[in-house]
Amino acid sequence: LILATDCMLLCIATIYFNESKLFPSLLFVAGGLGAIHRTLLDGTTIEFISGGYLGLMIGIVLWRIEILLQKKKKPFPDYAIMLSVGGVCVGRSELIVFFITSLLIACMMYGMRSISERFRQSEWIIGTTVAVLMALSYR
């Protein structure tokens, strides 16, 4: 399950890097695999449900901060959805470590903006994907 979840997340990040859009079917499969993994690991469903909910809330707070800083309306961002899928995969217990790792990797991707224009759009998606891969692989 970990390998399948990792492969789906890598597919999502690669497609987003090249196409700049998220496919709901891939997000659904990655979230479903993460939910099955968390249920088998923890023995309860509340862990992945609350992880996904808190991940979505973190994404919404970041979106609101972005709107307040730029003083213009923006559509609902893809990184909020990806943070929710990441929250489902890592669960509530590892959400703080996941978010800090995702933030650090996104800041590194932000520094790579001068290399390629594609990093400008996909920094949070790549950061979230790598943070989930690290959380699932090193547990």
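Ser20 counts as partly exposed because its relative accessibility is 30%, where partly exposed lies between buried (under 20% relative accessible area) and exposed (over 50%), computed with a 1.4 Å probe on protein chains only. The model is predicted, so that local features need pLDDT of at least 70 and side-chain atom pairs count only at pLDDT 80 or more, whereas totals for chains, interfaces and linings use all residues. Residues are numbered from 1 along each chain as its sequence is written, and side-chain values use heavy atoms, with hydrogens and water left out.

Most residues other than glycine have a negative phi. Ser20 has a positive phi, near 60°, and is found in the loop between α1 (2-19) and α2 (24-42). Helices are DSSP runs (H or I, at least four residues) numbered from the N terminus. A positive phi, near 55°, is also found at Lys71, in the loop between α3 (46-70) and α4 (78-90). Lys71 counts as exposed because its relative accessibility is 73%.

Rings of Phe, Tyr and Trp (its six-membered ring) were paired if their centres lie within 6.5 Å, with planes under 30 degrees apart counted as stacked, over 60 as edge-to-face and the rest as tilted. The count by this rule is three aromatic pairs. One of them, Trp63 with Phe76, is edge-to-face, at 5.2 Å centre to centre and 85° between the planes. This pair links distant parts of the chain, 13 residues apart, with Trp63 in helix α3 and Phe76 in the loop between α3 and α4. Trp63 counts as buried because its relative accessibility is 18%, while Phe76, at 37%, counts as partly exposed. Ring pairs also link Tyr79, Phe99 and Trp124 into a cluster.

Two packed helices are described by the angle between their axes and the distance between the axes. The axes of α1 and α4 come within 12 Å and cross at roughly 170°; axes are lines fitted to C-alpha atoms over the stretch in contact, and angles run from 0 to 180 degrees between N-to-C directions. Helix α1 is therefore roughly antiparallel to α4, a term for angles over 145 degrees. Thr5, Leu9, Ile12 and Tyr16 of α1 and Asp78, Met82, Val85 and Cys89 of α4 make the contact, defined by heavy atoms within 4.5 Å. By class, the contact of α1 with α4 has six nonpolar, one polar and one charged residues; Ala, Val, Leu, Ile, Met, Phe, Trp, Tyr, Cys and Pro count as nonpolar, Asp, Glu, Lys and Arg as charged, and the others, Gly among them, as polar.

How values were computed:
Helix = DSSP H or I, 4+ residues; strand = E, 2+ residues; numbered from the N terminus. Parallel < 35°, antiparallel > 145°, perpendicular 65-115°, else oblique.
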